[in-house]
Amino acid sequence: MSAVSGPRTAVAVTAAKAAAVLSRRLGFGGGTALPGLVADAVAPGLAARLAARLGHGCVLITGTNGKTTTARLVRNIAQAAGYRPVHNHSGSNLMRGITACLIEATDARGQLRQPERRLGIFEVDEATLPEAAAALSPRVVAFTNLFRDQLDRYGEVDSVAAVWRRALAALPPATTVVLNADDPGVASLADACRGPVLFYAVSDTACAVEEIEHAADARWCPACGCEYTYSAVFYGHVGHWSCPGCGRARPAADIEATRVGQRPDAPLRLSLSTPSGQLDLSLPLMGLYNAYNALAAVSVAVALAVPAEAIQTGAASFTAAFGRQERMVVRGREVHTILAKNPAGLNQVLRAISAEEGPKNLLFLLNDDIADGRDVSWIWDVDFEMLAGQAALLLASGRRAADMALRLKYADIDAYPGIEPDTEAALEMALALTPEGERLYVSPTYTAMLQVRKLLARWGQRPPFWEEA
Amino acid sequence: METALRLAHLYPKLMNLYGDRGNILCLRRRCQQRGITLVVDELELGDSLEPAAYDLIFIGGAQDREQRRVAADLLETKAEALHQAVAEGVVLLAVCGGYQLLGRYYRPAAGEELAGVGIFDAWTVHPGPTARRFIGNVVVRWQGGTLVGFENHGGRTYLGPSARPLARVIAGFGNNGRDGSEGAVRGENAFGTYLHGSLLPKNPRLADHLIVQALRRRYGEVELAALDDALEERAHAEAVRLATKKAIFRKR
């Protein structure tokens with residue numbers, strides 16, 4: 001008898017499922033992590049045993065920004081290709097969240113339903129990658145980008161890269177690794193790969209910005225210490241880079257965006273050149289960073305040998321994750337919520353917002369819980385100055401509302417920043433002050449986003465996120 | 001006559017880990033609002049520092065890898081000029097990694113000891129990879145009031161007899177988590193600290209203290225016009241409240 005159907009597994013699965021129900025009933029949240037913790041206590045190694053049963057294996061997606069969006073896009077493509085995904089869609093991306101979502105895919109006896117059609121699609125916390133890779137033996141591991149994020153939690157950018165290298169060196173040689181050729185910190189992981197590598201990149205230099213942002217991190221070649229030079233910078237340190245010292249340079253891409261169409265209030269249009277031919281995609285997202293997320297997702301699909309038609313169909317069915325980049329109408333105002341939790345991410349969000357037309361109503365929510373990063377000094381590395389002259393309404397909220405307001409004051413955005421630390425009161429105020437028919441941009445950090453979407457779900461009749469497909 | 005000050009920002013690309021740029025934005029703005037032009041020169045690896053040309057010098061923090069390269073460059077191209085500048089009254093602010101490198105030496109958890117510039121009679125020792133890192137909100141007592149910030153350092157800094165602490169810890173760790181000292185001061189014009197966050201925007205009193213010193217040296221007795229610091233003071237007060245509140249009572 002296999003370990004998966006052993007009595008201990010059944011007990012673990014039952015206990016975990018009960019924990020999930022209980023967690024939701026008691027209003028603790030979506031029950032996205034607790035079941036994993038319970039299962040692991042009763043039957044350690046359960047995730048590995050369940051993952052081994054996934055008929056099509058699994059895909060891991062990690063990186064500083066874009067994990068959730070990339071994974072969701074892969075999920076839609078996989079569905080279009082006829083797979084039945086097991087996907088940690090709530091964004092619970094530590095080992096316990098992955099375990100919990102594997103358990104959710106089982107029946108009462110602890111057996112995966114329809115194992116032969118199953119593909120695991122897991123977004124993985126940067127620091128959890130070694131553990132997840134060892135437990136789940138992925139077919140594909142994809143990396144989005146590497147930026148400073150929560151230095152108090154992950155340590156330095158260099159130590160995240162070192163953790164990833166360790167994970168890559170331990171992968172089976174059959175695993176395909178998907179890398180961002182335009183991010184030097186990610187592209188250089190290729191040295192640590194034992195198996196096939198697929199690179200993705202943007203080649204449309206019409207998207208380039210004038211100069212490198214303050215949020216750039218990987219500026220120096222780790223091999224020789226020289227400062228990289230760029231023929232085109234897209235955002236942060238992402239672009240067409242090369243090292244004048246040792247000649248290392250952006251590798252040739254296998255999957256390439258030859259045209260990126262960004263127009264205000266229009267979907268993101270991408271022309272991709274891939275080994276499976278030319279693909280034209282249109283996605284309800286904004287910002288060049290989402291072009292990279294789409295490239296990462298398409299590269300994963302290529303690695304899984306998904307046919308071009310399924311990629312096209314899957315991408316066409318894509319909707320953004322609730323709260324990450326969500327548009328909804330609340331009380332006659334279009335509320336556009338965009339998660340941003342580090343300098344590179346927020347810069348991209350601001351760039352996308354400032355490309356839209358008309359005066360902007362803006363609410364920034366800054367929390368300093370562990371999941372946000374306790375240190376809020378990162379806001380001083382964000383180029384809020386690009387909003388100068390564009391704001392009609394400027395509000396700061398969250399536990400560090402005053403810090404945010406002070407940063408906004410320094411950016412001279414015309415409107416004087418208002419402060420309302422309480423999330424609900426701030427959202428109420430922002431809605432009241434946004435003229436009917438206009439758009440309100442809400443940019444929260446992670447834990448603030450959880451509060452915001454709970455409120456918006458109530459006011460705008462959206463289902464709670466754990467009930468979302 | 002136009003009032004102008006000149007600031008040397010040392011290694012803005014290499015030493016910019018925790019929003020250190022906010023300190024420059026703050027000094028520039030607080031000068032500008034009083035009709036003072038602040039000219040900022042960015043000095044990187046290999047650039048020499050002309051001690052007589054500057055009124056203020058700033059250096060921020062960095063990752064270990066960058067810190068090593070900066071340590072070597074400081075000794076090679078800037079140490080002598082830094083000593084001369086500080087002796088002549090140029091105002092110096094060094095934050096986190098920059099503060100460590102301006103001490104006598106830094107002994108990392110692994111690898112060779114880094115020789116420091118020796119502006120501060122202080123040394124820093126990293127007690128090893130398993131030792132607790134000092135991370136969190138900090139409040140310190142300074143000149144009858146408080147300074148607030150965030151600290152994140154593995155190294156413990158100890159002061160020698162000729163250095164004075166910048167401030168006394170109220171909440172947080174400070175130099176070494178033991179003796180209650182935070183930062184270091186040499187003479188009246190050189191300041192080292194572990195506080196970022198960014199430091200100066202939320203601590204306008206310290207920012208003005210630096211500006212006044214720099215102005216006095218060049219223009220004689222000066223009085224700085226008061227500014228509207230309502231937001232600054234609110235952010236400061238909130239930071240004090242968050243840092244001193246017991247963790248158990250934190251509202252989630």
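Which residues in H5(A) are buried? In this predicted model, the answer takes in A:Met95, then the run from A:Gly97 and A:Ile98 through A:Thr99, A:Ala100, A:Cys101 and A:Leu102 to A:Ile103. Helix H5 of chain A spans residues 95–104 and is mostly covered, with eight of its ten residues buried.

Strand E7 (residues 122–125) of chain B runs antiparallel to E10(B), and four bridges join the two.

The next topic is the interface of the two chains. The size of an interface is often given as the accessible area lost when the parts come together. Between chain B and chain A, the buried area is about 3700 Å², and carbon and sulfur atoms give 45% of this area. The contact draws 38 residues from chain B and 37 residues from chain A. Across the interface there are 13 residue pairs in polar contact, counting pairs with both residues at pLDDT 80 or more. On the side of chain B that touches chain A, two or more residues come from each of helix H1 (21–32), helix H2 (64–87), strand E8 (134–142), strand E9 (145–153), helix H4 (199–202) and helix H6 (230–244) of chain B. H6(B) gives the largest share of that side, seven residues. By type, the residues on this side of chain B are 13 nonpolar, nine polar and 16 charged.

Five salt bridges are counted between chain B and chain A. B:Arg29 forms a salt bridge with A:Asp412, and their closest N and O atoms are 3.3 Å apart. A:Asp412 sits in the loop between helix H13 (401–410) and strand E16 (418–419) of chain A. Its backbone also deserves a look: phi of A:Asp412 is near 50°, a positive value in a residue other than glycine. A:Asp412 is partly exposed, with a relative accessible area of 46%.

A:Arg331 likewise has a positive phi, near 50°, and is not a glycine. This residue lies in the loop between strand E12 (325–330) and strand E13 (333–338) of chain A. A:Arg331 is partly exposed, at a relative accessible area of 40%. In chain B, the peptide bond from B:Gly197 to B:Ser198 is cis, with omega near -20°. B:Ser198 belongs to the loop between strand E14 (190–193) and H4 of chain B.

Notes: Residues are numbered from 1 along each chain as its sequence is written. Chains are lettered from A and ligands numbered from 1 in the order in which they are written. This is a predicted model: local features need pLDDT of at least 70, side-chain atom pairs count only at pLDDT 80 or more; totals for chains, interfaces and linings use all residues. Side-chain values use heavy atoms; hydrogens and water are left out. Buried means under 20% relative accessible area, exposed over 50%, partly exposed in between (1.4 Å probe, protein chains only). Two strands pair if DSSP finds at least two bridges between them. Contact means heavy atoms within 4.5 Å. Buried area is the accessible area (1.4 Å probe) that two parts lose on being put together, summed over both. A salt bridge is a side-chain nitrogen of Lys or Arg within 4 Å of a carboxyl oxygen of Asp or Glu. A polar contact is a pair of N or O atoms within 3.5 Å; within protein, one must be able to donate a hydrogen and the other to accept it, and residues adjacent in sequence count only if both atoms are side-chain atoms. Ala, Val, Leu, Ile, Met, Phe, Trp, Tyr, Cys and Pro count as nonpolar, Asp, Glu, Lys and Arg as charged, and the others, Gly among them, as polar.
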